[in-house]
Amino acid sequence: MPSRSVGRSVVRKEGRGKVTGAARYIDDLTFPGLIHARTIRSTIPAGEIVDVAFGFDTSGFTLVDYRDIPGRNIVALIDDDQPCLAERLVRHVAEPILLLAHADREALLAADVRIRYREAVPTYDATTSPIAFKTIAIDKGRIDQGFREADVIVEGEYRTGHQEQLYIEPNGVIAVPEHGGVTVYGSMQCPYYVHRALKVLLDLPDDKVRVVQTETGGGFGGKEEYPSMIAGHAALVAIKAQRPVKLVYDRVEDMLATTKRHPAVIRHRTGVKRDGTLTAIDIDAVIDGGAYATLSAVVLSRGVIHATGPYRCDHIRIRGRATMTNTPPNGAFRGFGAPQTQFAAEVHMDRIAEALGIDPVRIREINALRPGDRTATGQRLGRDCSALAVLRETVKRTDFKRKWRAYARLKASRCLKASRYKEGGSRGIGLSLFFHGAGFTGGGEVKLASKASLALTDRGARILVASTEIGQGTRTMHAQIVADTLGVPYDCVDVNAADTGQVPDSGPTVASRTCMVVGRILQRCAEDMRERLGRLTPREYLKRHGPLVITREYERPTDMAWDDNSYRGDAYGTYGWACDVAEIEVDRETWEVKPIAFTTVHEIGKAIHPVLALGQIEGGSAQGLGYALLEEVVMRDGRMANAQLTNYIIPTTLDTPPIDVVILENPYKHGPFGAKGVGEMPIDGPAPAAINALRNAGFDLREIPATPERVMVSEKQEPRHALHA
Amino acid sequence: MHPFSYEKVTNEHEALERARLGKATFVAGGTTLVDLMKLNVEVPTALVDINGLPLNQIEDRSDGSIRIGALVRNGDLAHDSRIQSRYRVLSQAILAGASAQLRNMATTGGNLMQRTRCYYFRDPVYPCNKRQPGAGCAAMDGYNRIHAILGASDTCIATHPSDMAVALVALDASVHIRAANGERVVPIMEFHLLPGDTPDRETVIRPGELITYVTLPSGPFGPRSAYVKLRDRASYEFALASAAVALQLEGTTVRSARVALGGVATKPWRALEAEQVLTGAAANKATFLNAADAALTGAVPRRHNAYKIELAKRAVVRALADALTH
Ligand SMILES: Cc1cc2nc3c(=O)[nH]c(=O)nc-3n(C[C@H](O)[C@H](O)[C@H](O)COP(=O)(O)OP(=O)(O)OC[C@H]3O[C@@H](n4cnc5c(N)ncnc54)[C@H](O)[C@@H]3O)c2cc1C
Ligand code: SF4
């Protein structure tokens with residue numbers, strides 16, 4: 001029996017290739033006769049195209065517009081409202097209108113296309129926008145009664161901005177016309193999304209479209225839906241030119257044109273008893289979808305389901321709206337709606353505690369969800385509900401209560417001094433408690449009906465899934481699950497490329513589902529294979545019986561139910577639970593905010609690969625601190641004005657405090673080896689923890705990022721009672 | 001990026017010759033020029049690589065001044081022991097900028113010549129008088145939180161991004177310029193130009209002229225100087241506001257002082273008003289607060305950058321306190 005690999009940090013499958021430089025990313029690849037493509041985009045936020053003029057000699061160029069589309073002119077996703085190339089109407093800046101291609105990149109870049117428009121009045125305010133892509137209502141109990149039971153009502157409005165995914169490798173693809181169809185290679189998360197979009201766009205059958213993921217330099221959701229667009233563009237040109245076509249964005253184009261995190265405005269009105277018990281939670285959330293629906297409906301769905309935070313309450317009303325604005329469509333980004341809504345929930349929770357004069361830990365202890373409790377959608381939580389466990393562990397580890405009181409006292413005494421510039425630094429410590437559902441929301445996994453295959457090889461097995469390795473460790477983690485289930489060494493399990501010509505559709509690599517959902521399907525394949533092998537080694541089996549490939553499909557756990565109409569039931573198979581504590585220092589002379597310590601306790605069922613899990617948690621925490629303190633997309637007339645890394649800033653190592661990560665394991669009975677998801681959860685907590693730390697230091701912010709000018713005007717006048725605390 | 005020719009030169013004469021041809025530009029560390037070329041903001045037809053010129057020394061002169069070659073790397077300059085002990089503010093200013101890797105490439109001349117980080121300047125889609133005279137200014141009514149509150153004109157409100165140059169202004173350095181027809185020396189305060197009606201003209205350098213040296217006079221300040229930079233993140237980041245100061249004390253009284261501001265003005269900004277307040281006054285916090293107010297008296301905020309006035313004042317106070325206690 002080989003030693004188990006699950007729970008050990010084995011060498012990652014593609015690690016050697018990456019560190020030696022052997023790994024090939026899309027821009028490293030070329031094909032004979034390859035030409036380059038360029039996208040001509042709208043320069044106005046709303047209006048109509050009047051005419052297009054070419055200020056160059058077009059001979060030698062391939063020109064493509066919507067008339068060259070053989071199938072339907074849409075990027076097939078959910079609502080199918082987004083054209084692949086604009087026909088007449090333009091709904092946002094950077095909307096693709098035309099494609100040019102040429103063998104010589106200089107000639108391509110020099111080509112001058114002039115488009116005349118009739119401009120219309122754009123909409124920028126999501127809260128007043130008349131067009132809603134999706135509205136969701138969640139009701140539990142009777143909200144009026146909840147407010148009648150309350151002693152105190154606390155209200156608040158919270159705002160979050162865009163955030164750019166900023167994967168290291170920009171979006172890019174190569175399309176090769178072949179066998180009467182097309183093969184697309186590219187940097188992506190979801191090969192089968194691209195596959196489906198291409199079939200619709202090009203009007204081709206399944207077997208004429210092949211999509212192959214190349215080594216991918218990060219995604220964070222930014223390569224969930226957008227690759228369907230860029231792949232469509234490259235494929236259209238390749239088919240028209242009958243030559244391979246490369247289309248790789250540079251950083252500026254990638255930031256201008258591709259999706260970002262939805263900005264949100266979230267209002268809370270909460271009823272609470274004197275003793276801290278929540279009696280009513282009333283939430284109104286608006287997210288800015290941008291110009292087309294893309295994934296806004298499902299982002300909103302995850303957002304509203306997480307909007308209460310991990311708290312129990314009998315009377316809940318949540319209203320969510322994803323609306324249209326004339327800005328580039330917003331889309332998937334790690335967390336998928338939950339970072340926005342839990343930011344609001346957790347900052348609000350500290351304000352509730354303050355209103356009652358109790359501490360932030362106590363208010364959460366009283367209200368945290370426990371096993372057997374029901375969530376806003378009525379989901380009864382199992383024994384793996386760990387809200388209290390992560391809270392207590394984090395509080396103990398950080399000496400939270402003592403520090404929180406000490407900093408609050410310091411703040412209060414400082415307020416008595418009336419000096420013009422307040423001396424020295426202020427410290428604050430803040431906490432956030434949060435949860436994250438793993439897998440697709442509601443009936444999503446049933447609809448996806450994902451499949452995974454395992455092929456027996458001489459030495460062990462080969463994994464066949466469309467789940468992509470985008471830096472997070474998919475191949476390694478899947479191989480570990482299969483190796484241990486099958487009883488072969490980790491090294492004897494190979495992973496096939498995510499190539500739709502070879503692997504079944506195991507669903508998109510999103511929603512923290514790749515381990516818990518796809519890993520479980522693979523585990524079932526391996527269990528069956530183990531049984532088929534009996535006492536034979538793989539080699540013996542192949543000799544005696546010939547090839548063996550086992551394919552299994554997702555099976556919904558029998559204890560799960562969901563109703564999409566009433567939004568009631570088991571929204572997710574299960575949830576991960578986490579608690580963050582951020583300690584910050586604010587320079588009271590200069591309003592510089594420096595995170596100095598960060599602790600996070602994550603309960604994720606089982607860490608299949610502890611180092612990779614840790615990497616996800618550290619990376620997500622750093623990205624969350626960027627969201628809280630630095631990252632600001634400047635939208636000017638519907639266009640990102642700071643689409644360069646010199647002006648859109650993310651944390652450097654110097655801006656990231658040491659991150660103390662603790663992983664707790666409370667197994668989920670339907671997860672492989674008990675595993676839940678871990679990819680997204682880490683980004684839900686840092687922003688509210690940091691903003692609550694600022695509150696503890698005397699700065700009352702309700703909006704992120706906390707730039708110096710926002711911190712400057714947020715200094716709180718202390719209520720008298722705090723002086724005696 | 002557009003096509004261009006590239007040639008490496010080995011002496012000043014050759015450099016000046018080559019620079020006369022077409023739209024030629026010198027390249028030193030290349031850390032900012034190449035970025036701007038990629039963004040199609042700068043479109044030279046020829047690059048003249050001056051890294052082979054013998055201008056990479058830091059030399060003590062007999063009059064007590066220090067002469068810095070235009071090709072001395074920012075990192076070498078900041079870590080030079082003479083600079084650290086006698087011109088602390090300069091060392092601090094350089095180390096507050098960019099990153100270690102960039103500083104290893106960036107040169108003294110290139111740093112003085114670097115261009116604004118205004119969003120609209122760096123993105124050819126927007127109208128920008130600096131990039132294209134007469135086109136208009138997208139920042140004026142646009143999002144302008146990073147823009148200037150001092151020295152702006154109706155045509156341009158972009159800040160000068162350099163940290164090093166702010167310290168040089170405080171230290172009263174001078175810049176040596178070689179032209180085909182001879183050499184001239186320009187005080188640093190006159191080197192950078194206010195935007196006025198010609199924001200495209202940023203320095204007194206004319207096309208094809210070469211910076212050869214920067215000299216630092218032997219000042220009376222010794223180690224009592226400091227640079228404080230306030231910015232959005234801890235590294236790779238330009239100043240929202242910064243202050244370079246130097247103090248000469250007589251007992252507890254300020255005998256003379258220098259105050260310069262960065263990140264808030266269209267050129268590295270000498271705050272003479274603040275220096276007047278300081279001169280002859282007691283070296284204490286109250287004086288520093290008055291000096292900070294004086295430094296910002298002429299400030300004109302725009303829609304999104306009013307916070308910079310207060311921020312810059314605080315940088316001044318902090319820097320003076322630091323210089324005092326050092
Ligand atoms: C990510 C990043 C962050 C940065 N952060 C900061 C910061 O915080 N603070 C700061 O001050 N700077 C910062 N910088 C700017 C950096 O200091 C400059 O890029 C650098 O100093 C330029 O020097 P260089 O030698 O590389 O110039 P180059 O890029 O080679 O040239 C720049 C310009 O100077 C001209 N030039 C160069 N040498 C001469 C000469 N001898 N005579 C005449 N003309 C000449 C060139 O023709 C060109 O126009 C940053 C840059 C980057 C990329
Ligand atoms: S501020 Fe100056 S650099 Fe910026 S857009 Fe206006 S003119 Fe151009």
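Axes are lines fitted to C-alpha atoms, for helices over the stretch in contact, and angles between them run from 0 to 180 degrees between N-to-C directions. This convention applies to the helix packing and sheet geometry reported here for a predicted model.

The secondary structure of chain A comprises 19 helices and 27 strands. Its radius of gyration is 26 Å, which agrees with the value near 27 Å that a compact globule of 725 residues would have. Along the principal axes, the C-alpha atoms of chain A fill a box of roughly 80 × 75 × 50 Å. Of the 725 residues in chain A, 58% are buried. When contacts in chain A between residues at least 6 apart in sequence are considered, 83% join residues at least 24 apart.

One sheet of chain A is open and contains five strands, in the order β7-β15-β14-β13-β8, with mixed pairing. Its edge strands are β7 (132–140) and β8 (152–160) of chain A, each of which pairs on one side only. From one strand to the next, the twist averages 5°. In general, strands of a sheet pair through backbone hydrogen bonds, in either a parallel or an antiparallel sense. In chain A, β7(A) and strand β15 (residues 316–324) pair in the antiparallel sense over eight bridges. A:K134 has A:A322, in β15(A), as its bridge partner.

The contact brings A:M349, A:D350, A:I352 and A:A353 in α8(A) together with A:P360, A:I363 and A:R364 in α9(A). By residue class, the contact of α8(A) with α9(A) divides into five nonpolar, no polar and two charged residues.

Technical notes: Residues are numbered from 1 along each chain as its sequence is written. Chains are lettered from A and ligands numbered from 1 in the order in which they are written. This is a predicted model: local features need pLDDT of at least 70, side-chain atom pairs count only at pLDDT 80 or more; totals for chains, interfaces and linings use all residues. Helices (H or I, at least four residues) and strands (E, at least two) are DSSP runs, numbered from the N terminus. The radius of gyration is taken over C-alpha atoms; the globule rule is 2.2 Å times the number of residues to the power 0.38. A residue is buried if 20 or more other C-beta atoms lie within 10 Å of its own, exposed if 12 or fewer, and partly exposed in between; C-beta atoms are placed from the backbone. Two residues are in contact if their C-beta atoms, placed from the backbone, lie within 7 Å. Ala, Val, Leu, Ile, Met, Phe, Trp, Tyr, Cys and Pro count as nonpolar, Asp, Glu, Lys and Arg as charged, and the others, Gly among them, as polar. Two strands pair if DSSP finds at least two bridges between them.
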